[in-house]
Amino acid sequence: MLQNDLLLRTLKGETTERTPVWMMRQAGRYLPEYIVLRKKYGFFERCQTPELACEITLQPVNIVGVDAAILFSDILVVPQAMGLEVELIESKGPNLPNPIKTVSDLIRVRVPDVNETLGYVFDAIKLIKQELNGRVPLIGFAGAPWTILCYMVQGKGSKTFDEAKAFCYMQPQLAHQLLQMITDTTIAYLKGQVAAGADTIQIFDSWGGLLSPDDFEDISLQYIRQIVNALKDEVPTIIFAKGAWHSLEAMAATGAAGLGIDWCIHPQMARKFAGNNVTLQGNFDPAKLLSPIPVIKKEVKNMLQAFGPGRHVANLGHGILPNVPVDHAKAFVDTVKEESTKLYAQQ
Ligand code: CP3
């Protein structure tokens, strides 16, 4: 039994006493307690050691007081499990030395047995659930197939993912074959996360906004839909497709319980597009957490009012930045708790 199930109830559209709050990329990055572990262990070593993944997952729950834990891992463990080499270069980001470019490269990619290749994630989840002991729910996650393809083809981070797009437009059949392999792997992986104890799942489509609305449907959403469908009888799903606000209506129609939005769309406009049967999550500009605390408080209040009470999960519009002071993150979380309690009482 969960002591704090605000997130799950809000995702289901139930009435709660206040708005739940967590922050994307809350595990890691800005916490001094995380930096200590980063100096001692490699990135994938942290992901692959259940005790370390557990410790990092719990840090923001214990230090910042968020209403949900998110598993410490990375979306890039999926391409790794599918047979690609993935490294993380300090202060540069992901690097895949042998990216997918042609049909012959696809021979190196497989839909793996997730228990063999990603069993360490399931072990971490079991340990985290035990250590959380019902305090807050645990969010599992994976990248959307399109966002994973971006890294598999481009081989590194990019602002435009031009090579990944060229791959989709020049070799569409190959691209769809790869997207389907990623989708099949992701479904098995997320079902494994749920079986291990994840209470809800977020799908990160960080690069969904790089596609036109029609291409978003063809290259991204049709695969996300398969994932949402596969999980629909198990746990609520949240889709976060950054920048793809044009497809909120289509995303709501997948049956997802929650939709993440970034700060480039007004909450009321997002509500109009998404309809009333879905929970919205977001959408504080992460850079605004660098403002003085009184400004953060005022802006959080404005955000809560713009969403209105109910069917809202307070969050950032993208991941927290590494240089955010911990007391600013805490001010964000505390203000959501205090102000939304007042707002809900006025209803
Ligand atoms: O939310 C959480 O705190 C849980 C852990 C988590 C990480 N990555 C840990 C991480 C999650 C949910 C992710 C998702 C992820 N990873 C995404 C989607 C979300 C988004 O922000 O758009 C993407 C695109 C990646 C790929 C990735 N991993 C990049 C681009 C980088 C480098 C720079 C950075 O910090 O974003 C990573 C490395 C990474 N993943 C770090 C952490 C804490 C930083 C590396 C380190 O601290 O050693």
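The model is predicted, so local features are taken at pLDDT of at least 70 and side-chain atom pairs only at pLDDT 80 or more, while totals for chains, interfaces and linings use all residues. Residues are numbered from 1 along each chain as its sequence is written, and side-chain values use heavy atoms, with hydrogens and water left out.

Helices (H or I, at least four residues) and strands (E, at least two) are DSSP runs, numbered from the N terminus. Helix α2 (residues 32–40) packs against helix α4 (residues 50–63) at an angle of about 165 degrees, and their axes are 10 Å apart. Axes here are lines fitted to C-alpha atoms, for helices over the stretch in contact, and angles run from 0 to 180 degrees between N-to-C directions. The angle makes α2 roughly antiparallel to α4; angles under 35 degrees count as roughly parallel, over 145 as roughly antiparallel, 65 to 115 as roughly perpendicular and the rest as oblique. On the α2 side, Glu-33, Tyr-34 and Leu-37 make the contact, and on the α4 side Leu-52, Glu-55, Ile-56, Gln-59 and Ile-63 do. Contact means heavy atoms within 4.5 Å.

Another helix pair is α7 and α9, which pack at an angle of about 115 degrees with axes 9 Å apart. The residues of α7 that meet α9 include Trp-146, Leu-149 and Val-153, and their partners in α9 include Ala-175, Leu-178 and Ile-182.

In α8 (residues 162–170), the residues Ala-164, Phe-167 and Cys-168 are buried, where buried means under 20% relative accessible area, exposed over 50%, and partly exposed in between (1.4 Å probe, protein chains only). Seen down the axis of α8, the buried residues fall within an arc of 95 degrees, so they line one face of the helix; the arc is that of the directions from the helix axis to the C-beta atoms. An α-helix has 3.6 residues a turn, so residues three or four places apart point the same way. The cover over the buried residues of α8 includes α7 (145–154), α9 (172–196) and α10 (213–231).

With a disulfide defined as a pair of cysteine sulfur atoms within 2.5 Å, the count is zero. For Cys-150, the nearest cysteine sulfur is that of Cys-168, 7.5 Å away. Cys-150 is buried, at 0% relative accessible area. For Cys-54, the nearest cysteine sulfur belongs to Cys-47, 14 Å away, and Cys-54 is buried at 6% relative accessibility.

Two residues show contacts between parts separated in sequence. Ser-340 sits in helix α14 (residues 326–345) and is buried, at 0% relative accessibility. Ser-340 and Pro-20 are 320 residues apart in sequence but 8.9 Å apart in space, C-alpha to C-alpha. Beyond its neighbours within four places in sequence, Ser-340 is in contact with residues including Glu-17, Arg-18 and Thr-19. His-318 lies in the loop between β9 (312–316) and α14 and is partly exposed, at 25%. Not counting residues up to four places away in sequence, His-318 touches Met-24, Ser-206, Phe-240, Lys-242, Trp-263 and Pro-286.

Some backbone features remain. A cis peptide bond, with omega about -10 degrees, joins Gly-282 and Asn-283, and Asn-283 is in strand β8 (residues 279–284). Asn-133, a residue other than glycine, has a positive phi near 50 degrees.
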